Amino acid sequence: MNLLVNVTPLQASLTGIGRYTRELLARLLRDPEVTDIAGFSDVCHYQRPALQALVDHADTVTANGRELPRTARASPVEAIYAAVKPLARNIPYARKVRDGIQRRRLQRTRLKYQQYVYWEPNFVLQPLDGIKIATVHDLSHLRYPQFHPPERVRWLQAGLEKTLSEASRVMTVSAFGKQELQQILGVAPDRIAVVPPGISDCFLTVCSPPALTEFRHRYGLPDKYILSVGTQEPRKNVKGLIEAHQRLPGALRKRYPLVLAGCRGWQHGQMDSIIRRLVAKGEIKRLGFVPQQDLPALYQSASLFAYVSLYEGFGMPVIEAMASGIPVITSDRASMPEAAGGYGTLVNPEDNDSITGALRDVLEAGSVVDEAGLAAASAAARQYTWAASADKLKAVVEEVG
């Protein structure tokens, strides 16, 4: 089995798609049944040793500014490209010229790897010949186009039609995602494979009380807090969560401030002034991007996890929080009930009273913790493993190749 992968999602702070790509590649690179894996990005390709280094150090890129091994560093061409790319957006016809150069480079890459199955982990296939498979994580750009930049919606609408016609198989991350592909885009069910995300190994370790105390001190966190993890953009409904939190009784709100972890996303400016005001009052703590190695302690230190997104293809933070053994509140729609697996509390994300009521019910329960329920939820979440997901991806590659 030979695989060619677009590794562009690994070249930024790893969130959903980047994490998904990294974890699956890490397992496939260790699999003795995989003959070879190569990668390519916007400006170069990676043979197996360089790809292994990129995967091994994908988290290191954003962790404390540590230097990468030479095999994992950006080449001079990549560094120049990364610097020029934002400036070129405002130059007439720059995108057209860039696309033409990319097409020629990609065809040279394809000639080098003619016998490889090409996997696109980020929705839209690149213009490469040969056998191709693609992962379509969700269809939020069709369900909620107002929650995306217009250029992203145009890119997905134009690219997905061609992708679905050319791909030998289409993969998605949940049964809900498969249903969406069938109902909205008319993809035949036998062309769709479900390859869900998994729980990273770091979430399987229980942090000691001293380690949690040190973590809270390092991040300036209180002993008790409500946690939400995700990019701060309209689709994630951070505004609704903040408004619901503000409706809690004052004493409860002060005792359990809201901690927001995740990068600022599209249209984050709408929330910045509100968040700054509540940060000053001590009712919100904004952490920004949190490296992977700190996430287990972040979850395990929390009193409650709230993830009230309006639409998700899966919702990885839901199973991460469940695996960490803390109560979970999430949305009653899209893929979130599937991720929760019958555990946690489901709320209407468009009804702030529903969110507030769930927050209050869990927080006021206080010391009355359903240990058996949390243990069952953790066990259910841990059924999602990256090893099993990598096996499913490998099966798709072997079938089409």
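How many aromatic pairs does the structure hold?

Author: The structure holds 11 aromatic pairs; rings of Phe, Tyr and Trp (its six-membered ring) pair if their centres lie within 6.5 Å, and planes under 30 degrees apart count as stacked, over 60 as edge-to-face and the rest as tilted. This is a predicted model, in which local features need pLDDT of at least 70 and side-chain atom pairs count only at pLDDT 80 or more, while totals for chains, interfaces and linings use all residues. Residues are numbered from 1 along each chain as its sequence is written, and side-chain values use heavy atoms, without hydrogens and water.

In one of these pairs, the ring centres of Phe-203 and Tyr-299 are 5.7 Å apart with planes at 65°, so the pair is edge-to-face. The pair links distant parts of the chain, 96 residues apart: Phe-203 lies in the loop between strand E7 (192-194) and helix H8 (209-219), and Tyr-299 in helix H12 (residues 295-301). Helices (H or I, at least four residues) and strands (E, at least two) are DSSP runs, numbered from the N terminus. Both Phe-203 and Tyr-299 are buried, that is, under 20% relative accessible area, whereas exposed means over 50% and partly exposed in between (1.4 Å probe, protein chains only). Tyr-299 also pairs with Phe-305; their centres are 5.5 Å apart and their planes at 55°, so this pair is tilted.

In H8, Leu-212, Phe-215, Arg-216 and Tyr-219 are buried. The face of H8 turned away from its buried side carries the exposed residues Pro-210 and His-217.
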